[in-house]
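Subject: The model, and some notes on it

Hi,

Here is the structure I promised to send over. Please have a look at it first, and then read on.

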Amino acid sequence: MASSYSYPELFLAGFIFTLPFLYEKCNFFRYYLKFFLYYAYVLITCTVLLPVVLLYPRDVTNLIVASRFCRYASHIVGIEWELRGLENWDNEQSYIVISNHQSSLDILGMFEMWPRMKRCTVVAKRPLMFAGAFGFGAWLSGLVFIDRLKTEKARLLMKQATARVIQEKTKLWVFPEGARYNKGCIQPFKKGAFYLAIDAQIPIMPVVFSQYYFLDSETKTFEPGKVVITTLPPIPTKGMTRDDLEALSDVVRHQMIDVFNESSKDLAKQKKIAI
């Protein structure tokens, strides 16, 4: 009796049955699958929310709405977030937020924080603006996209964003390392954000993500894990001049390194206890 199944159907069935095995046994497969599901979920969510954010174009509060839905991507990829120092946020105060940058997963932690931060926008690389519905939705939500190769234009956009921060009592989130780095330390800071804070006399708000011990791009490892996000007390810049820039940058970075090491060690201890 001839089989009622075609070869493509049998191949598809076999592939589906092997997926659980591949997910459990193959780091490479699990790594790319998780990132695919993460990006796909956020992209679909942004597409669905476009009609909503179109009602209030360039309004940073759109990010609060988006975060309430996009944050569920953390459950899909198995990341738990612990937020510390939330009492340091003052929604009536403007800040230049300084944060370490380890992965594109950082945005998931920010989704957890937006309901508390309220009015906060982000400085992002210009290519992200062309990432389909995500880029368009981010632009509609007031993100500041800069081309680092065009330094004069980038500086102008940053100054305009800072002026808006002061006028609207919002926050501007900057990643001063300039690039993602997940090797267990915080890279030296570029000085742009500190120029802005000093020139505008706006406090700096340091925010520290603990190490992503569960993620390794070289070995293609992406396990379930936990991240601690610590908001430090704001650092005033009132009365400072550009002569204080190097000292300010060093103070902020060393404070963040101390918290990064401490919170990362806390998670390592929790992991050992759980095992």
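This is a predicted model: local features need pLDDT of at least 70, side-chain atom pairs count only at pLDDT 80 or more; totals for chains, interfaces and linings use all residues.

Residues are numbered from 1 along each chain as its sequence is written, and side-chain values use heavy atoms, with hydrogens and water left out.

The overall picture comes first. The chain has 9 helices and 9 strands (DSSP runs numbered from the N terminus: helices are H or I with at least four residues, strands are E with at least two). Its C-alpha atoms fill a box of roughly 90 × 50 × 35 Å along the principal axes. Of the 275 residues, 44% count as buried (buried is under 20% relative accessible area, exposed over 50%, partly exposed in between, with a 1.4 Å probe and protein chains only).

Helix 5 is worth a visit. This helix covers residues 106-117 and reaches 15 Å from its first C-alpha to its last, close to the 16 Å expected at 1.5 Å a residue (the expected span is 1.5 Å times one less than the number of residues). Because 9 of its 12 residues are buried, helix 5 is largely enclosed by the rest of the structure. K118 follows the helix, with a positive phi near 65°.

D106 belongs to helix 5 and is buried, with a relative accessible area of 1%. Leaving out residues up to four places away in sequence, D106 touches N100, H101, F175, F209 and Y212 (contact means heavy atoms within 4.5 Å). Y212 is 106 residues away along the chain, yet the two C-alpha atoms are separated by 9.8 Å.

Now the inside. The largest nonpolar core has 39 residues, and among the members that touch the most others are L108, W173 and F209 (a core is a set of buried Ala, Val, Leu, Ile, Met, Phe, Trp, Tyr and Cys residues joined through side-chain atoms within 4.5 Å). Helix 5 gives the most to this core, with 6 residues. A second, separate core of 30 residues includes F189, I198, I202 and V252. Back at W173, its contacts beyond four places in sequence include M110, M113 and M117.

Finally, the outside. F36 lies in helix 2 and is exposed, with a relative accessible area of 54%.

Best wishes
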